[in-house]
Amino acid sequence: MVSYLSPQNGLTPASSETHVQIGKTQIVDTFAEAFGMVYTRLVITAFDDHWLSAATNELCGYGSSVIACDAEVGIEQHIPAEQTPDGRPGAAVLAFGFSADALTKAISKRVGQCVMTCASTAVFDGLPDAEKRLPLGKTLRFFGDGFQKSKVVGGTRYWRIPVMDGEFFCVESLGIEKGVAGGNIIFQAVDQTTALTAARRAIEALAPLPDVIAPFPGGVARSGSKVGSKYKGLSASTSDTNCPTLRGRVESQVLPGANCVLEIVLDGSNEEAIAAGMTAAMHAAAGEGILAISAGNYGGKLGKFHFHLKDLLNPVSSPSQKEGTG
């Protein structure tokens, strides 16, 4: 249940005399600041769930943040066999990058090394109506060393690349669309056990939602970051204001009684997907021992998409999100 109460617990809202509660959990009057990125959607199929998991686990590995990774990657949803193009178990994977060129390089390498190598897999385009394309089978076909063949099915070209278990069936190109990355919530818990349990609830609530992924390990980041560092050349460093062990040494945002802080970062195909994901995650994470839920931002100066937590929980009187002016 969402309620509106007077400020307490030391976290005073920036622009309101009241703040929102979900049960006993305070929702801080702040916003998540997200960025425009481009994304693609791959549909991976395989012989059974075992080999499908093997392929998607490899494909999504080292895909948590473009701070250091080549792409942010995660499973959007699992697709039952009766709904996939080839009648086998499948999964839709979303991958985000800062540019089409960067995403093209990342996806070609990831599919070539992580999916083509996995027994029984095939790759289909999850954005068939997108006008902008990135090459996939068109590039990977050369692995066939001249023995590869193309096939047009339903107006879409695929490549059949000979491999040791038969053929790797791969769509020639994937669609690219504009998306949103970096929606987030940050929650403070009395201890690690309570925080991890809340994180599991939040990620489970996100699982059925379309068009959104949580790319960090298990959907959760414990090493939230700030821009810059005291060390030259380091673009990001630990979010010291959210580290419980640094309380008293920095201008901490960690509440008295909170001993574990975790973050869930979301990437989505559009603003509505991020808003729905953040809302579901907040409701699921809130509970006994979760003292507060806030979000990370950069003062509105870097990302043009601003998701205000109060507005997400009160969509009737306010928009779900506001576009930044910075």
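Predicted model: local features only at pLDDT ≥ 70, side-chain atom pairs only at ≥ 80, totals over all residues.
Okay, before anything else: pLDDT is the predictor's confidence in each residue, on a scale from 0 to 100.

As for the chain overall, the average pLDDT is 92, and 91% of the residues score at least 70.

Most residues other than glycine have a negative phi. Now look at Tyr62: its phi is positive, near 50°, and it isn't a glycine. You'll find Tyr62 in the loop that runs between helix 1 (49-60) and strand 5 (72-79). Is Tyr62 buried or exposed? Exposed, because its relative accessible area is 60%, and the cut-off for that word is over 50%.

Asp145 is another one to click on. Its phi is about 55°, again positive in a residue that is not a glycine. This aspartate sits in the loop between helix 3 (137-140) and strand 9 (149-153). Asp145 counts as exposed too, because its relative accessibility comes to 64%.

Last stop, the surface. Which residues make up the nonpolar patch there? Val227, Tyr298 and Leu302, and together they have about 280 Å² of accessible area. If you want to find Leu302, go to the loop between strand 17 (290-294) and strand 18 (305-308).

That's my tour, thanks.

Conventions: Residues numbered from 1 in each chain as written. Heavy atoms only, no water. Patch = residues over 30% accessible without salt bridge, like charges linked within 9 Å, V, L, I, M, F, W, Y side chains within 5 Å. Areas by Shrake-Rupley, 256 points an atom, 1.4 Å probe, with all protein chains shown as cover. Salt bridge = Lys/Arg side-chain N within 4 Å of Asp/Glu carboxyl O. Helix = DSSP H or I, 4+ residues; strand = E, 2+ residues; numbered from the N terminus. Buried < 20%, exposed > 50% of the residue type's maximum accessible area, 1.4 Å probe, protein only.
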